[in-house]
Amino acid sequence: DSGRTTKNIRAKAYKRKLKKPNVEVACLISEKFADEEIKTMGLLWIVTIHKLIKNSDGVPGLLCARRIGAGRWLKTFLDDPDGRWGRDGGFAFAVSHNIAA
């Protein structure tokens, strides 16, 4: 679990050719998946590794769909490259689509 850092997760996504999704994806995940569905995935939260957004203090953050009790929640997490993530959560990236003409 010590290797489950933001920096390492981004590096693995890059190797798999995953892309940064739009920040709105976090909202869509929160809207689409009920708490029970996220729980069925074995997760408490799904953080979207999007282009950084800064809060009013200039601190970079990532949006996360989180199940806490009843209802749908969006939360922000500090985007710390060395920050560790527990195994109770997942990560959302975008996948490129190559469409042949």
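Colleague: Hi! Which residues are buried in α1?
Modeller: In this predicted model, Thr6, Ile9 and Ala13 are buried in α1. They sit on the same side of α1, because they cover an arc of only 65° around the axis.

Colleague: Nice. And what is exposed on the other side of α1?
Modeller: There you'll find Lys12, Tyr14 and Lys15, which are exposed.

Colleague: What do the buried residues of α1 pack against?
Modeller: Two strands: β1 (18-19) and β6 (89-92).

Colleague: Let's zoom in on Thr6. Why does Thr6 count as buried?
Modeller: Its relative accessibility is 2%, and the cut-off for buried is under 20%, so Thr6 qualifies.

Colleague: Which side chain does the Thr6 side chain make a polar contact with?
Modeller: That would be Trp85, at 2.7 Å. Leaving aside neighbours within four places in sequence, Thr6 is also in contact with Asp79, Asp80, Pro81 and Gly83, and Trp85 is on that list too.

Colleague: Switching to β2: which way do the residues point?
Modeller: Trp45 and Val47 point one way, while Ile46 and Thr48 point the other way. All of them are buried.

Colleague: And is the pairing of β2 with β4 parallel or antiparallel?
Modeller: Antiparallel, over three bridges, with β4 covering residues 60-66. Ile46 stands opposite Ala65 in that strand, β4.

Colleague: How many bridges join β2 and β6?
Modeller: Four, and that pairing runs in the parallel sense. Here Ile46 has Gly90 of β6 as its bridge partner.

Definitions and conventions. Residues numbered from 1 in each chain as written. Predicted model: local features only at pLDDT ≥ 70, side-chain atom pairs only at ≥ 80, totals over all residues. Heavy atoms only, no water. Buried < 20%, exposed > 50% of the residue type's maximum accessible area, 1.4 Å probe, protein only. Polar contact = N/O pair within 3.5 Å; in protein donor to acceptor, adjacent residues only side chain to side chain. Contact = heavy atoms within 4.5 Å. Arc of directions from axis to C-beta. Pairing = 2+ DSSP bridges.
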